[in-house]
Amino acid sequence: MTSASTPTLDFSQSPINQTLTPDRKIELFSQMVRIRRFEQAALKYYQAGKIGGFLHLYIGQEAVAVGTISLGGPDDHFITAYRDHGHALAVGMGMNQCMAEMYGKQTGCSKGKGGSMHFFAPDKNFWGGHGIVAGQTPLGLGLAYGIKYLEKQGCCLCYLGDGAVNQGAFHESLNLAGLFEIPVVYVIENNGYSMGTSQERSSSFGHCLAQRAEAYGMPWDVIDGSDIYEVRSKTHIAMERARKESKPTLLEIDTYRYYGHSIADANHKKYRTPEEIEHYKKNHDPISVFQRKLIAEGVMTEEQATEINTRARDEAAAAVKFAEESPAPTIADISTDVYWESDNQTPASQQGRHFFD
Amino acid sequence: MSRTLTYREALREGLDEELARDPNVVLMGEEVAQYNGAYKVTEGLWKKWGDKRVVDTPISEAGFIGMGIGASMLGVRPVMELMFWSFHSVAFDQLVNNAACVRYMSGGLCHCPIVVRGPANGGTNVGATHSHIPEGLFAAFPGLKVCAPATPADAKGLIKAAIRDNDPVYVMENTLLYGNSGEVPDPADGDFVVPLGLADVKREGSDLSIIAHGRSVIHALAAAETLQEEHKISVEVVDLRSIRPLDQETILKSVKKTNRVVLVDESKPFGGVSAMVSHLIQEQAFDYLDAPIQRVCSIDAPAIYSPHIEPEQLPNPRRIIEKVLSMG
């Protein structure tokens with residue numbers, strides 16, 4: 001986490017940000033606002049008992065997903081862990097299908113079979129939504145392996161939390177990425193806490209977590225996640241390295257989550273002080289920071305910002321209504337989407353018994 | 001025309017034909033390329049197909065299997081070798097959470113056309129950590145398919161079916177079968193594929209059915225021969241070949257014909273393939289049984305090292321014969 005006194009560079013004029021039109025800037029701002037309003041609605045109805053399981057909120061981290069995904073081209077792919085609502089909306093998934101998924105409804109993006117942690121949209125190059133800490137890191141490597149194998153000029157952005165950096169699968173992935181020159185960009189979204197354990201109490205590191213890349217001969221960088229311009233500027237460099245040189249990068253984007261690890265995290269105000277949370281909200285909130293910049297640039301007015309917020313809130317409310325009114329999966333639905341061959345009723349699926357009771 | 005090939009050569013021929021058929025098929029694993037395979041299954045394939053199609057990986061099972069799963073979601077068709085299936089434990093999250101569940105959790109938006117193959121057997125005096133037999137374990141996860149060929153022809157036919165299947169298929173081979181020879185149809189006579197989910201009656205008989213898979217089939221056939229010659233008991237041997245999907249029809253047909261069953265399964269007795277088969281038989285053919293279903297499994301302890309005694313921990317012809325004779 002950066003402090004208020006950290007001098008910050010102005011990344012708004014970096015080449016990749018100079019390409020942003022005023023409309024595109026407002027669109028990115030809107031995406032961040034939409035994520036926040038969507039999650040605030042999800043929180044409300046989770047607490048009302050409408051949503052099952054866990055709810056890992058992204059609020060406070062919006063500039064990371066929106067900034068990085070805004071750089072994606074047709075052959076760039078994305079995969080993340082269970083804190084996936086922000087990435088899902090940023091790739092263009094609709095609020096309705098995402099909210100319905102949390103409600104466990106048939107109209108959900110995963111037909112109510114995945115829940116909050118397992119949103120997918122392969123048509124938008126988004127490959128989940130994965131529940132096991134660092135379990136997605138070899139998959140991200142594989143997506144990038146596939147990009148290279150199929151001779152596409154793209155990359156995979158594979159997100160993980162700061163708690164995932166100590167899992168073996170992640171280190172195996174870094175080694176393979178460096179060894180095979182895989183076009184993957186690992187993005188550690190460092191919100192300071194692996195559940196209730198601070199970075200200092202969970203990780204052995206020198207300067208920062210991303211520095212571990214040096215052990216694998218891999219470039220790395222650290223990014224202030226409250227500034228979408230910086231996020232875009234530095235991530236762009238890593239993505240270009242992947243696309244053009246087929247080389248991986250490890251990025252660490254410092255960010256902060258306002259809520260607990262999940263909403264079931266009863267201790268989230270005990271392992272950190274209320275002052276710490278307030279400090280971040282006041283000085284580093286990615287939406288407020290971007291809003292101030294856009295107003296200063298003359299790209300957006302206060303009124304427009306208010307209107308965007310209102311629209312996002314209405315969209316989230318409509319998504320809740322859609323989810324409420326959608327049908328639940330049936331007992332028959334439990335047994336579909338297990339095998340591709342069975343779902344497609346191929347000859348292979350007709351041979352032998354696939355399901356047992 | 002068929003030729004005689006070893007199990008190892010038959011697998012290799014199957015892999016080679018699939019590499020030729022589909023440019024997205026890629027073999028990966030420890031020592032599969034330049035070393036020619038720890039058990040020489042992939043011998044010559046790297047030389048023939050090159051670095052892109054046959055890839056040596058570091059000793060990093062979670063990493064490279066996860067990588068293969070990710071690549072398969074984009075349309076690559078990785079065939080990954082575990083030097084021993086026993087090493088599944090270090091890649092378990094990838095094998096059961098990602099490969100088995102990604103289709104389901106995405107509501108059918110993803111699929112995972114991977115093959116993971118390698119030997120899964122005891123009997124080589126390598127101790128408990130290298131002697132796991134996990135076909136029942138993986139067959140217990142909906143979303144996965146599992147097969148265990150016993151003969152060279154089945155090895156070739158099943159590896160080809162596994163590679164063409166659009167779901168994850170785990171092929172359990174056997175180091176003690178790699179050198180066995182058998183008839184394998186000539187490629188000139190057409191594409192030879194053994195579908196998953198199709199059992200094979202390896203020996204016809206009328207008094208009792210032995211149902212087995214993998215190397216236990218070979219033991220069952222030897223036992224059946226002795227039982228016929230020395231005891232005039234006519235034994236039918238059903239080779240499951242595929243564990244999931246499971247050919248229930250062939251199992252029940254044999255049971256209804258002979259009315260007596262011995263299940264031979266190299267796994268440990270608790271749970272597993274033979275326990276599932278036993279359940280199906282009692283559920284669907286109870287009235288056809290003239291005696292309780294019997295099993296010959298590995299003796300219920302971690303795999304012993306001692307070369308003096310390990311063959312006795314596993315199913316073998318003597319144990320099978322004794323079990324059959326004990327049924328009266």
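This is a predicted model: local features need pLDDT of at least 70, side-chain atom pairs count only at pLDDT 80 or more; totals for chains, interfaces and linings use all residues.
**Entry on helix α6 of chain A**

I began with helix α6 of chain A, which runs over residues 136–149. I then looked up how covered the helix is, and 14 of the 14 residues of α6(A) turned out to be buried. After α6(A) comes Glu151(A), for which I noted a positive phi, near 60°.

**Entry on the nonpolar core**

Next I looked up the largest nonpolar core, which holds 202 residues, and asked which of them touch the most other members. The list I wrote down is Met99(A), Leu143(A), Val184(A), Val185(A) and Leu251(A), together with Ile210(B) and Ala220(B). Helix α2 of chain A, residues 22–47, gives this core its largest share, namely nine residues. I also noted that domain 1 (2–189) and domain 2 (200–326) of chain B each contribute at least three residues to this core.

From that list I followed Val184(A), leaving out residues up to four places away in sequence, and found that its contacts include Gly140(A), Leu141(A) and Ala144(A), as well as Cys155(A), Cys156(A) and Cys158(A).

**Entry on the contact between the chains**

I turned to where chain A and chain B meet, a contact that takes 42 residues from chain A and 43 residues from chain B. On the side of chain B that touches chain A, α3 (61–73) and α4 (92–105) of chain B each supply at least two residues, and α3(B) gives the largest share, ten residues. By kind, I recorded this side of chain B as 20 nonpolar, 18 polar and five charged residues.

**Entry on the two domains of chain B**

Within chain B, the centres of domain 1 and domain 2, taken over C-alpha atoms, are separated by 26 Å. Each of these domains of chain B puts 24 residues into the contact between them. For the domain 1 side, I noted that α5 (135–139), β6 and α6 (152–164) of chain B are the elements giving two or more residues, and that this side divides into 13 nonpolar, eight polar and three charged residues.

**Entry on Val146(B)**

Setting aside neighbours within four places in sequence, I found Val146(B) in contact with residues including Glu135(B), Phe138(B), Tyr170(B) and Ile243(B).

Note on methods. Residues are numbered from 1 along each chain as its sequence is written. Chains are lettered from A and ligands numbered from 1 in the order in which they are written. Helices (H or I, at least four residues) and strands (E, at least two) are DSSP runs, numbered from the N terminus. The expected span of a helix is 1.5 Å times one less than its number of residues. A residue is buried if 20 or more other C-beta atoms lie within 10 Å of its own, exposed if 12 or fewer, and partly exposed in between; C-beta atoms are placed from the backbone. A nonpolar core is a set of buried Ala, Val, Leu, Ile, Met, Phe, Trp, Tyr and Cys residues joined through C-beta atoms within 7 Å. Domain bounds come from an automatic or database domain assignment. Two residues are in contact if their C-beta atoms, placed from the backbone, lie within 7 Å. Ala, Val, Leu, Ile, Met, Phe, Trp, Tyr, Cys and Pro count as nonpolar, Asp, Glu, Lys and Arg as charged, and the others, Gly among them, as polar.
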